[in-house]
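Here are a few notes from my pass over the salt bridges. Have the structure open while you go through them.

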Amino acid sequence: MKKKQRQSGRSHVIRRVIDDYLRACPVMKLSDGDACPCSSIRRYDDCCGPKGVEYRLLWESESGEPALIDSRIFRERATKLLMYLDRPWARGISSPRQGLRYLEGLYRRYDSFVALFESFVSCRRGCTACCYYLVGTSFIEAELIKRYAVRHLSQEQLDAIRVRVREQLPHYIRENQRPRDRQKDEELLAAYFQKRLPCPFLSTENDCMVYPVRPFTCRSHSAVSDPHACETGKGLELLDVMGLTTSIATALVELCATYFGDERWEHLGLWLAF
C-alpha cells in the first residue's frame, strides 16, 4: 500500500512538472489552410485539426521557424522518461547487470522523447563536430561501452582504440582538474576542443563504432543552432527541454555513487582500460 502511495505521489509531481512546462509554451493557433505540423504534407484541417490536436510553440529558430510539438505525445513520452528515471530509487539496483539493463532502458526512453524534436535539430549523419569535445561519462555508461566494444569490435579496432587513447592521454582533462568557476571551465573545455582530438571510437569513415551504446553526453548533444556553430562552438545552442540534460547526467552520477561506489564523471577515454 505504501509503495503504491509513493508511486502515486511521484506520478503527481511528474505530471505537474510537465504541465507547468507546457503551460509556459503558447498554444499555436493554426488556420485550416496551414500545413499540418506533424509533417504529413497535408493541410491542418485535413489532418490533425479534426482530431483536436493541440500544438504548442517550444521555441523559434534564428530564421523565425517555429518548433511546434503535439502536447499529447510530448506529455506521454516525457512522463514515461521521468517515471523511469526515478525507478532506481523506487526499486533499487542489486547488480551491475541490473544497472546496465536500467541504463539501456533509460537510453531507449530518452531517444524516443528527443525523436519528437528531430526535425528541429541541425545534427545529421556524417557530421563529426561534436566528436572532438570532451565526453563526460559515468561509470555505468563506460562499463556498457566497454562490454559492447569487446563483444562487437574486431581485435584490430580495439588495438587502434588503445593506441589512440595512449596518444591522447596526456591531453585528457580529469574531473578534479576542472575549475569550479563556470567561465574558466568553459574556457578549459573550449581549449580542449581546439586541440581536435577525436573520440577514441570515431572510425576512419567518420562513424561512431559504439553508436547503439553511446553515452548520454553524446545522445544529448543535439544542436538547434546553425550547423556552422558546431565547428567553432561559438553561438552553439543545444536541445535541453525541461532541463533534462542536467537532470539525467546528475541522476547517473548519483546512481553510480549509490550502487557502485563511483561518482566520477570522467572523459570517456579515461575509462578505457579494457
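Is Arg162 buried or partly exposed?

1. Arg162 comes out as partly exposed, at 27% relative accessibility. Keep in mind that this is a predicted model. The partner of Arg162 is Asp159, and the closest N and O atoms of their salt bridge are 3.2 Å apart. Asp159 is partly exposed as well, with a relative accessible area of 35%. Both sit in helix H6 (residues 155-168), three residues apart, which puts about one helical turn between them.

2. Next, have a look at Arg219 and Asp111, a salt bridge with its closest N and O atoms 2.6 Å apart. Arg219 belongs to helix H8 (residues 216-219) and Asp111 to helix H4 (residues 96-114), so this pair ties together parts 108 residues apart in sequence. The arginine end, Arg219, counts as buried at 5% relative accessibility, while Asp111 is partly exposed at 26%.

3. Arg75 and Asp19 also meet through their side chains, in a salt bridge of 3.0 Å from N to O. Here helix H2 (residues 71-85) supplies Arg75 and helix H1 (residues 2-23) supplies Asp19, so the pair links parts that are 56 residues apart in sequence. Arg75 is partly exposed, with a relative accessible area of 34%, and Asp19 is partly exposed too, at 27%.

4. One more for your list: Arg43, Asp45 and Asp46 are joined in a network of salt bridges.

5. As for the overall tally, the count comes to 13 salt bridges. The pairs above are among them, including Arg219 with Asp111.

Conventions
Residues numbered from 1 in each chain as written. Predicted model: local features only at pLDDT ≥ 70, side-chain atom pairs only at ≥ 80, totals over all residues. Heavy atoms only, no water. Salt bridge = Lys/Arg side-chain N within 4 Å of Asp/Glu carboxyl O. Helix = DSSP H or I, 4+ residues; strand = E, 2+ residues; numbered from the N terminus. Buried < 20%, exposed > 50% of the residue type's maximum accessible area, 1.4 Å probe, protein only.
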